[in-house]
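Biologist: I'm new to this one and would like to learn how to read it. Could you walk me through a few features?

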Amino acid sequence: MDKEKEYAYFEEVLQEIREEYDKISSELEDEKLALKKLKAYINENYGAMDVMELSENVNYANSYTKLMEGDFTKKRNLGFLAKNPYFGKILFKPQGKKEIPVYIGTAGFWSTKSNSPKIYDWRAPICSMFYEYEPGEASYSIADTTGPVTEIITHNGEILEKCQYKTEDGRLVYMSDTDVRVSDELLLEALSGESAGRMKPVVATIQKEQNEIIRDTTSKILVVDGRAGSGKTVVAMHRLAWLLYNRKKTLNTGNVFVISPNTVFSDYVSGIMPELCEDNVPSRQWDDIVDEIMLFESEHETKAMQADVILSGPPDSLRSYNIALKTSIAFFEALEAYIDDVFIRNIEFRDFHYEKITFTAQRLEKMFYGNFSSLPAYERFYNIAYFIMDEYVTEAKRNFGKERCEKIQLNIQRQLISRFAVADVTQIYKDFLETVDKAFPGAAQYSDGEGRVCYEDLQVLFYLQLKLYGAKSYKDIKHVVIDEMQDYSVFQYAAMRCLFGCSMTILGDRFQVLTKQEDVLTAITKIFPERKLRVLATSYRQTVEINDFCNGFLLEEAVSVPFARHGEAPYVIMCDDAGGQVKEIEKQLDRYLEEGFKNIAVLLDDEGSAYGLYRELPGRMVFLTEGNAGYRGGVCCMSRFIAKGMEFDAVIVATQSNIDDLRENNREKGAFYISCTRAIHRLSVIGIK
């Protein structure tokens, strides 16, 4: 490596980036001014314009707006590049051709002066070699879509040189020839730094096994089972950015979707896509989707309410039994058999009359069980209603119009359901529960003591609705990312299959569960037999000492392999009472602040306990719930469930339990493990004797 040439190249590229940034900034100001003048002209002369002139001016305004949006994105990306232009380089010599220097950054940069790429986007196919190969023989592939059939073209050659750079605020701090040893040192340095208030990109330190997941092109349903701290969530977001870059013809930020565990987590990951030079993608919680689409309006439990039952209720109660039962594959298969073989198959069709139109039972039966058998049962009625409506309109010899015809079709569908089936999904579910009472004693209980539909039953009802009525709310979505996969049951995955008929990236840790239950991978495989599984066993987040402590609460098969980064052993203390616990929390908090840690979390058993601590220590921390603002760094306290998926420099876990008892308590140790694995550098565990 010629370091003098490298520094010169860095300065040359940086200067061009800054010039382009200034140019785009100036153009944006001109466009803003032109748009402002155009809008003023339209407002002043609106009454004097004819339809054609008004339409032309509005189109001009829309064109300016679209142009500005594109230039704003360019300016944003150039702003990122001006701070950190690139992080890696390979000198690649294709077979029989001249060597190509490939500088790799978060975004690409095309030089108008040399009419050549000065920086390649890390997602470009040629950049895959940076993550996959050391110097020597190498290759990369490109999908050629110009012809009628997509052709995969492989470019073979040799990597002559591989380098890594560290840049900060437009300065080249250092550079090094990269081999496995140096790569580990650079990763260690990145992991040893402070955490951010939000999830950050890791394009410079993506590991080979992570890169294979990010660039997977063959899996429609990709399942990533990763241990705590293995980077599965950040890898999934990088995969989403990679897909958006490499599948521009079919994917955009308007047709991809993230299902996140809570609003705090959604905010925590919201900054990562812009830093990967993509706009943010829509993110929603599963419960919000259910509330949006669910037809019935009965009061029901939330996920948090169910979690409280799991952790605080008797483990041998009927409710605990029902939670396990109604999230099981056995219960799912029983419901499927009832709906398919009993409920739907036993519909008795009779001649149907609408106005002067008669649709015979034979025609209804043929269409329901034949022509439309692949559709959800009640969606079949909608399609049959079209033919009845069409005959009615033809007989009437009138032009009803599209909107009127749609109303007639929906009305006929409702009449068909009312005549031959049961419109009320809840009633269908009750009937099913009565039929399985002997096989599953106690399953008929589907509401809690206050009359709310139990959370586990709500998910069954939602799936039942989708199975019968179908759903088109998300039919335009092309890719879905589902985080915390272990939090969902077989019924929820079945509902997801009904809602999203697209490719998915499903990720989580099958061992981060609150209670003993069926393996989530079994449930996923039941619904998505075509799924491809990738496992991330190495934990990069926590130190060896914290990792070993956390592994002590898991079965042997569930433990993670720590990356070789050492630190202080976890601090564990048992207090005599709640007052002593608060004093110890404040003591540890002061210690971590004195050590210079900026992102610190105090995690408690539930939201009530977190709020109580917040009141006990006024002015010392921010209280986070699902309903308030997201995390922006500093000291915060929250329920341990809110912290899922997040990480902090230092974590204080305050529990009402005795630590030694947790190793024998299946219900508590899962939540305790989740809490402790949020820590990067320091962990304090403060219990009560």
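Biologist: How are α14 and α15 set to each other: parallel, perpendicular or oblique?

Modeller: Two things to know before we start. This is a predicted model, where local features need pLDDT of at least 70 and side-chain atom pairs count only at pLDDT 80 or more, while totals for chains, interfaces and linings use all residues. Residues are numbered from 1 along each chain as its sequence is written, and side-chain values use heavy atoms, with hydrogens and water left out.

Now, your helices. Helices (H or I, at least four residues) and strands (E, at least two) are DSSP runs, numbered from the N terminus. Axes are lines fitted to C-alpha atoms, for helices over the stretch in contact, with angles from 0 to 180 degrees between N-to-C directions. Angles under 35 degrees count as roughly parallel, over 145 as roughly antiparallel, 65 to 115 as roughly perpendicular, and the rest as oblique. Helix α14 (residues 377-396) and helix α15 (residues 402-420) have axes that come within 8 Å and cross at roughly 125°. The two are therefore oblique to each other.

Biologist: Which hand does the crossing of α14 and α15 have, left or right?

Modeller: A crossing is left-handed if the near helix is turned anticlockwise from the far one by less than a right angle, and right-handed if clockwise. Here α14 passes α15 in a right-handed crossing.

Biologist: And which residues of α14 and α15 meet?

Modeller: Contact means heavy atoms within 4.5 Å. On the α14 side, the residues include Tyr378, Phe381, Ala385 and Met389, and they meet a set in α15 that includes Cys405, Ile408, Ile412 and Leu416. By class, the residues of this contact of α14 with α15 divide into 17 nonpolar, two polar and one charged. For the classes, Ala, Val, Leu, Ile, Met, Phe, Trp, Tyr, Cys and Pro count as nonpolar, Asp, Glu, Lys and Arg as charged, and the others, Gly among them, as polar. As a general idea, an α-helix has 3.6 residues a turn, so residues three or four places apart point the same way.

Biologist: How do α12 and α17 cross?

Modeller: Their axes come within 12 Å and cross at roughly 35°. Again, α12 passes α17 in a right-handed crossing. Among the residues that meet are Phe332, Leu335 and Asp340 in α12, with Val460, Leu464 and Lys467 in α17. This contact of α12 with α17 has 10 nonpolar, no polar and three charged residues.

Biologist: What do the side chains of lysine 467 and aspartate 340 form?

Modeller: Side chains of opposite charge can pair when their charged atoms come close. A salt bridge is a side-chain nitrogen of Lys or Arg within 4 Å of a carboxyl oxygen of Asp or Glu. Lysine 467 and aspartate 340 meet in one, at 3.1 Å from N to O. Lysine 467 lies in helix α17 (residues 455-469) and aspartate 340 in helix α12 (residues 329-344), so the pair ties together parts that are 127 residues apart in sequence.

Biologist: Is lysine 467 buried or exposed?

Modeller: Buried means under 20% relative accessible area, exposed over 50%, and partly exposed in between (1.4 Å probe, protein chains only). Lysine 467 is buried at 16%, whereas aspartate 340 counts as partly exposed at 29%.

Biologist: How many salt bridges are there by this rule?

Modeller: The count comes to 44. Another pair is aspartate 605 with arginine 640, at 3.0 Å from N to O. Aspartate 605 lies in the loop between β19 (599-604) and α22 (607-616) and arginine 640 in the loop between β21 (634-639) and β22 (648-654), so parts 35 residues apart in sequence are tied together. Aspartate 605 is buried at 12% relative accessibility, and arginine 640 is buried at 5%.

Biologist: What about backbone angles: which value does phi of asparagine 115 have?

Modeller: Most residues other than glycine have a negative phi, and most peptide bonds are trans. Asparagine 115 has a positive phi, near 55°. Its place is the loop between β3 and β4, and asparagine 115 is exposed, with a relative accessible area of 56%. Aspartate 169, also not a glycine, has a positive phi of about 50°. Aspartate 169 sits in the loop between β6 (151-168) and β7 (171-177) and is exposed at 62%.
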